[in-house]
Amino acid sequence: MPEPLTSSFTITHAMLLNLLERPGDPFQAAKALLTDNHESPSKQRVLMRKAIGMYRELLGAGVVERIPEDELENDGRTVRLTVHLQMNFALNQPLSPSLWPLWTCWMRSHPATPSTSSPSSRPPSKSRARSSRPSSSGSAPRRSRT
């Protein structure tokens, strides 16, 4: 007998960013996406809470902002991204939302010039790291287990 199919639908930061970036009301689009699927009603509520949490993270990190009423256009958007992300930007990695404020701070403090690293700021090479480890075949006698 074949194994029964189970849904593994989830919401990611990338999905949420795509919803926020396209024309129309992103909240209605998210609601439709999160309720018009094959998940149980209880799982749908979990997904909605997760999406709301992600939106709050993006809002708190300054990645997303609410559009002031005097700047609203006819495309239905009520929020917008505050930064232009490159095409291969991956905010759907587990640590990305928590690292975003650090990244933006670092980008502000480092102008867009080619980075050069001093030898002291580089991690030790494998050959140097190996030579500094104590040898397992040292002169200290091994204790036998009795």
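A residue counts as buried when its relative accessible area is under 20%, as exposed when that area is over 50%, and as partly exposed in between. Keep these cut-offs at hand for the tour; the model on screen is a predicted one.

**Stop 1: Q44**

Select Q44, which lies in helix 3. Is Q44 buried or exposed? Its relative accessible area is 11%, so Q44 is buried. Now show the residues around Q44. Leaving out residues up to four places away in sequence, Q44 touches L34, T35, N37 and E39. Look at E39 in particular: its backbone oxygen is 3.3 Å from a polar atom of the Q44 side chain.

**Stop 2: I52**

Stay in helix 3 and select I52, which also has its place there. The relative accessibility of I52 is 43%, so I52 counts as partly exposed. I52 and L16 are 36 residues apart in sequence, and their C-alpha atoms are 9.7 Å apart in space.

**Stop 3: the largest nonpolar core**

In soluble globular proteins, nonpolar side chains tend to be buried together. Select I11, L16, L20, Y55, L58, V63 and V64; of the 14 residues in the largest nonpolar core, these touch the most other members. Which elements each supply at least two residues of this core? They are helix 1 (13-21), helix 3 (41-60) and strand 2 (79-81). Helix 3 gives the most, with five residues.

Next, centre the view on Y55. Not counting residues up to four places away in sequence, Y55 touches L16, L20, F27, V64, R66 and V79.

**Stop 4: helix 1 against helix 3**

Two packed helices are described by the angle between their axes and the distance between the axes. Show helix 1 and helix 3, whose axes come within 10 Å and cross at roughly 70 degrees. Angles of 65 to 115 degrees count as roughly perpendicular, and helix 1 and helix 3 are therefore roughly perpendicular to each other. To see the contact, select H13, L16, L17 and L20 on helix 1, then A51, M54, Y55, E57 and L58 on helix 3.

**Stop 5: helix 1 against helix 2**

What is the handedness of the crossing of helix 1 and helix 2? The crossing is right-handed. Finish by selecting M15, L19 and L20 in helix 1, which meet P26, A29, A30 and L33 in helix 2.

Definitions and conventions. Residues are numbered from 1 along each chain as its sequence is written. This is a predicted model: local features need pLDDT of at least 70, side-chain atom pairs count only at pLDDT 80 or more; totals for chains, interfaces and linings use all residues. Side-chain values use heavy atoms; hydrogens and water are left out. A nonpolar core is a set of buried Ala, Val, Leu, Ile, Met, Phe, Trp, Tyr and Cys residues joined through side-chain atoms within 4.5 Å. Buried means under 20% relative accessible area, exposed over 50%, partly exposed in between (1.4 Å probe, protein chains only). Helices (H or I, at least four residues) and strands (E, at least two) are DSSP runs, numbered from the N terminus. Contact means heavy atoms within 4.5 Å. A polar contact is a pair of N or O atoms within 3.5 Å; within protein, one must be able to donate a hydrogen and the other to accept it, and residues adjacent in sequence count only if both atoms are side-chain atoms. A crossing is left-handed if the near helix is turned anticlockwise from the far one by less than a right angle, and right-handed if clockwise. Axes are lines fitted to C-alpha atoms, for helices over the stretch in contact, and angles run from 0 to 180 degrees between N-to-C directions. Angles under 35 degrees count as roughly parallel, over 145 as roughly antiparallel, 65 to 115 as roughly perpendicular and the rest as oblique.
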